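Biologist: I've never looked at this one before. Could you walk me through it, one question at a time?

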Amino acid sequence: MIRHLPWLLTGLVGAVSLGVVAVSRGETVNALWIVVAAVCCFLVAYRYYALFIARHVMKLDPSRPTPAIRRADGLDYVATDRTVLFGHHFAAIAGAGPLVGPVLAAQMGYLPGTLWIIGGVVLAGAVQDFMVLFISMRRDGRSLGELIRMEMGQMAGTIALFGAFMIMVIILAVLALIVVKALAESPWGMFTVAATVPLAMVMGAYTRWIRPGRIGEVSILGLVGLFAAIIYGQAVAQSPVWGPLFTFTPVQLCWILIGYGAVASVLPVWLLLAPRDYLSTFLKIGAIAALAIGIVIMAPPLRMPALTAFASGGGPVFSGGLFPFLFITIACGAVSGFHALIASGTTPKLIASETDAPLIGYGAMLMEAFVAIMALVGAAILDPGIYFTMNSPAALIGTDAASAAHAVTAMGFAISPETIAQTARDVGEHTIISRAGGAPTLAVAMAEIFSHVVGGPAMKAFWYHFAILFEALFILTAVDAGTRAGRFMLQDLMALAVPRLNESKSQIPGFVATALCVAAWGFFLHQGVTDPLGGVNTLWPVFGISNQMLAAIALMLATAVLFRMKRDRYAWVTLLPTAWLLVCTLSAGWLKLFSADPAVGFLAHGAKFSAALEKGEVLAPAKSLEQMERIVFNDRVDAALVAVFLAVVVSLMVFTFHTCMASRRSAVPTVNELPAHPVAA
Amino acid sequence: MNLIATLRRMARLMVGVPDYEDYVRHMAMHHPERPVMDRKAFFRDRQEARYGGKNGGRCC
């Protein structure tokens, strides 16, 4: 009993903190309450729920050889110390998602997001990562697509692979859109990000020829270069010659990114991708750690209300009410389907013992949720007036400080034009109005926190551009790596249709697949950039739906596996989150398709604009008939995309149901695990 | 394993480079007849494996 005492205490502290966060109204709440509540909940969940799953649901067996033991080769399959592997896995799953989603969700107040991140990760997100890691670990570290094929059949595997490709396309488009929103009309930001390309190439040459393999050395070199770029960026931005050269409109940036994606993804990896990945990975880990320390030192009060009027819908950042749209907006921090691809990627091949799996699978996801909590705190410590000025579409609040202040004050968040202009000056930008996408908002918050700890107000502009650079850097790495991964997914899919393609040694299928992949995400990026509604408003929900659907697919696989293992009585562990995700994503998808409210439903929105178009009218925010046509076309494409996602998830539901029913009829386990002890050869 | 060494290994594995000594030990123990890559070749091999695309999954 004594050994449970510290945990009981932790649980109590967590419950009290959560209580403070949840019930206080009117008085300001310190951000540390949220942080403490999250940390305590995560610790208790890890100690009890993760270990319950490990011992009773999975029955992890330390004597069972993992792929790293069974197939040890010193390269891909290496038994790795669990602390080291934790770092590897966390770095692979942490990306822009947990930073952006919670910032957008803050429009409903900090409370719904906090509760969903904490509850979602404990019962759904971490369970998903952990289960997929477990399933892959017992099958030689196979990938998600192969696992679904093994346990649910060829057809189900192909559908899942196709779904994963579409999700990849949307992710790349959304990520690129965030970069566009952050760098448009910002010569300082643009210069620093552009400087990373030659900088990475110098680093690439260094690791290739001068000192191969010296990652630490070259990263320090790169870091010095990055800081120099941020410092000189200010002078460049203010120069009458150079400033305009680095000032781009969103549409120009969109084409630059598409061109960049196409070229970067066919360059040799050591030249650009690898060195920039070193920088972005270490910068990401460093910035996350610094943010945590900064929040603890500053202990800022939350200025966003716990709940805003937008919780019931009608918000400017994304449309729709709390259910189901909050649960798809905060994707990565609470539960992310994309992690299923990582947990069935390199990690299961490196795990030394089955009993390390809870720390890696469940623990790393808790850490990711903590990052999401910090992003939410970042958004909530800003003046709500600034938050809504930055995140509302220009169509709603205009493009100058006076109109934005007027519109945001009318929303109920009083702000003066002077405050808006002063905030922009503080961070060294021309304007902060309508910089949707999460990254700029988080950058303002990080500038606030970091400048409190180091440098004071004079350093705000530096820290703002540091934060923008850190986000842009790992998003660009993701765009580059994602285009390559998407290319191989597409080639696999094409090879299923035309088996001959896999045998040919020619480069042409590779180039064609790359071009198709770039064209696919480029299309949605262009749509988002030219969308008069602001793009993020439209694309982020589609991304959220697709990501949560992939999570539902991974959890359905886990459920099917539990049934096939004859562990039916524990199937609730995965059935519960599966059911919740299906309810959220199917209803969100349904509303996005068929809601009669044009702000929510793609078809209703398209119908409204096409009716006006027939009469020759121009509806705001469109300014011409040509823009009207584009809106109608985009609505129909988005509707079709959501319909495809719905079809994928519904068909996999049917496969899962059949698999589970078939296993119930069988008296013995039918699961395709590798045997516990290898048969002597 | 001391803290600095753990952190160093963690940082290198974060960017896809496992321990070279582990690899050499594995080759000596299990495949003494096969040629062993030197540090440079090992580094290039791991770089290609991580970024070549096949498991280029980076998260959102």
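What follows is a chat about the helices, contacts and backbone of this structure.

Modeller: First, some ground rules: this is a predicted model, where local features need pLDDT of at least 70, side-chain atom pairs count only at pLDDT 80 or more, and totals for chains, interfaces and linings use all residues. Residues are numbered from 1 along each chain as its sequence is written, while chains are lettered from A and ligands numbered from 1 in the order in which they are written.

Biologist: Okay, let's start with chain B: which pattern does it follow along the sequence?

Modeller: Helices (H or I, at least four residues) and strands (E, at least two) are DSSP runs, numbered from the N terminus. Chain B has three helices and zero strands. Read along the sequence, that gives α-α-α.

Biologist: And what percentage of the residues in chain B is buried?

Modeller: A residue is buried if 20 or more other C-beta atoms lie within 10 Å of its own, exposed if 12 or fewer, and partly exposed in between, with C-beta atoms placed from the backbone. Chain B has 60 residues, and the buried ones make up 40%.

Biologist: Which element gives the most to the side of chain A that touches chain B?

Modeller: Contact here means that the C-beta atoms of two residues, placed from the backbone, lie within 7 Å. By that rule, 49 residues of chain A are in contact with 31 residues of chain B. The elements of chain A giving two or more residues are helices H4 (82-93), H8 (154-183), H13 (273-298), H15 (338-343) and H22 (460-497). With eight residues, the one that gives the most is H22(A).

Biologist: By class, how many residues on that side of chain A are nonpolar, polar and charged?

Modeller: Ala, Val, Leu, Ile, Met, Phe, Trp, Tyr, Cys and Pro count as nonpolar, Asp, Glu, Lys and Arg as charged, and the others, Gly among them, as polar. Sorted that way, the side of chain A touching chain B has 27 nonpolar, 16 polar and six charged residues.

Biologist: Why is H25(A) said to be largely enclosed by the rest of the structure?

Modeller: Helix H25 (residues 536-564) of chain A has 29 residues and reaches 41 Å from its first C-alpha to its last. It is called largely enclosed because of its buried residues, which number 29 of the 29.

Biologist: H7(A) packs on H25(A), so at what angle do the axes cross?

Modeller: Helix H7 covers residues 144-152 of chain A. Among the residues making the contact are A:Leu147 and A:Ile148 of H7(A) and A:Leu557 and A:Val561 of H25(A). The two helices are oblique to each other, and their axes come within 10 Å, crossing at roughly 40 degrees.

Biologist: Is A:Lys566 buried, exposed or partly exposed?

Modeller: A:Lys566 is in the loop between H25 and helix H26 (572-594) of chain A. It has a positive phi of about 65 degrees although it is not a glycine. With 15 C-beta neighbours inside 10 Å, A:Lys566 counts as partly exposed.

Biologist: Last one: which residue does a cis peptide bond join to A:Phe323?

Modeller: Omega of that bond is about 0 degrees.

Terms used
Expected span 1.5 Å × (residues − 1). Axes fitted to C-alpha atoms, helices over the stretch in contact; angles between N-to-C directions. Parallel < 35°, antiparallel > 145°, perpendicular 65-115°, else oblique.
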